[in-house]
Amino acid sequence: MQKSSLSNIALVVALVAVALAVLMVFGSTIGLWDPIVGFMASRNYNNLLGYVVVVIGLVALITSFTIKQNSRAKGKGLINSTIALVLGLGILAPSIVALVIEPVKYPPIHDITTNTQSPPQFEFLTDSREGAKNSLVYGGPEIAAQQLQAFPNINPIVSDLTADAAYQKALMVAESMGWTIVAQDPKARRFESTSITPFFNFADDIVVVVSVLEQGSRIDLRSVSRVGIGDRGVNAQRIQEFSLRFAE
C-alpha cells in the first residue's frame, strides 16, 4: 500500500463510521430494529468508531505532511485526512461536550405527571401497547418523591379558560407538538396520545385530563416511556414544553 493512499483510506473509513453512527440513531425509524437496540449500540460503539477514525485521520494527516509527492497529491492527501479527522471528532462530539459541560443527572424514573397524588389514568392505552416494557401502573410515593426532587416545577396547568375551551386548546397544543392522538373523550375532557422522540425513535405515551375549577379549569398531564428505566428528563421536558405552549 502506498503511503499516499492512506488519506483516501482514512476518508472512506470516516464516511463509513459516520454512516454507522447515524444508522444506530435512526435505524429504528426505518424499521431495522427496536429503539432500545439502536440506543444500546450507539452507547456501546459510537465512541469506539470515533476513536478509530480520529487515530486513522491523525496518522494519515501526519503521513501527508512527511511523504514526498507532488503538490497536488499532497494537497489532496491533507484535505482528505483533515476531513476524516473532523468527522471523527464529530462522532465524538457528544462525549466531548459531556467533558466540557457536566451532564445533568436525572433519577432512574420514566413516569412523570403534574399530579403525583392522583395521577391521570390511561384507559385506552394498556400495558400491551406495541413495544412496551414498562407498565402504565403508577409507581407510587417513591416515584413521586424522586420526581419532586428532580423536577419541582412540574405542576398542574391552571387556566382562566372554561374546561371545554381548555380541552380544545390542549388538543391543539398536543397536535402542534407532533403527538399522535390515539383516543379522545370530549365529554370527559380527556385524551391519550403518543409522542416519538426524534432520536432512536422511542415512543412515549401521554394522557391529558381537563377538570373544572370554580373559576376556570385545570389541566393535568402524565407522560410515560414505553421502555427504559430512566428517560434522561425527556418526559419532564415534554410536559414543561406543553405548559409553555399552552400559556402562549
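The model is predicted: local features need pLDDT of at least 70, side-chain atom pairs count only at pLDDT 80 or more, and totals for chains, interfaces and linings use all residues. Residues are numbered from 1 along each chain as its sequence is written, and side-chain values use heavy atoms, with hydrogens and water left out.

**The largest pocket**

- The largest pocket has a volume of about 1,700 Å³. A pocket here is an open set of points on a 1 Å grid over the protein atoms alone, where a 1.4 Å probe fits, with protein on both sides within 12 Å along at least five of seven lines. A volume is the space filled by probe spheres set on the points, which are joined across faces, edges and corners.
- Its lining holds 47 residues, and Phe39, Phe199, Phe200, Arg232 and Val234 lie nearest the centre. A lining residue has an atom within 4 Å of a point.
- Two or more lining residues come from each of α1 (6-26), α2 (35-66), α3 (71-91), α4 (93-100), β4 (190-196), β5 (203-213) and α7 (234-247). Helices (H or I, at least four residues) and strands (E, at least two) are DSSP runs, numbered from the N terminus.
- α2 gives the largest share of this lining, with 6 residues.
- By class, the lining of the largest pocket has 28 nonpolar, 11 polar and 8 charged residues. Nonpolar covers Ala, Val, Leu, Ile, Met, Phe, Trp, Tyr, Cys and Pro; charged covers Asp, Glu, Lys and Arg; the others, Gly among them, are polar.

**The second largest pocket**

- The second largest pocket holds about 390 Å³ of space.
- It is lined by 16 residues, with Asp34, Pro35, Glu130, Gly131 and Ala203 the closest to its centre.
- α2 and β4 each supply at least two residues of this lining.
- The lining of the second largest pocket divides into 8 nonpolar, 4 polar and 4 charged residues.

**Helix packing**

- Two packed helices are described by the angle between their axes and the distance between the axes. Axes are lines fitted to C-alpha atoms, for helices over the stretch in contact, and angles run from 0 to 180 degrees between N-to-C directions.
- α1 and α2 pack at about 165°, with their axes 9 Å apart. That angle makes α1 roughly antiparallel to α2 (under 35 degrees is roughly parallel, over 145 roughly antiparallel, 65 to 115 roughly perpendicular, the rest oblique).
- The contact of α1 with α2 has 17 nonpolar residues, 7 polar and no charged.
- α6 (residues 163-176) and α7 pack at about 125°, with their axes 10 Å apart. α6 is therefore oblique to α7.

**Single residues**

- Leu6 lies in helix α1. Leu6 counts as buried because its relative accessibility is 16% (buried is under 20% relative accessible area, exposed over 50%, partly exposed in between, with a 1.4 Å probe and protein chains only).
- Leu6 and Leu23 are 17 residues apart in sequence and 25 Å apart in space, C-alpha to C-alpha.
- Most residues other than glycine have a negative phi.
- Asn201 has a positive phi, near 65°. Asn201 sits in the loop between β4 and β5, and counts as partly exposed at 21% relative accessibility.
- Arg232 also has a positive phi, near 55°. Arg232 lies in the loop between β6 (216-225) and α7. At 56% relative accessibility, Arg232 counts as exposed.
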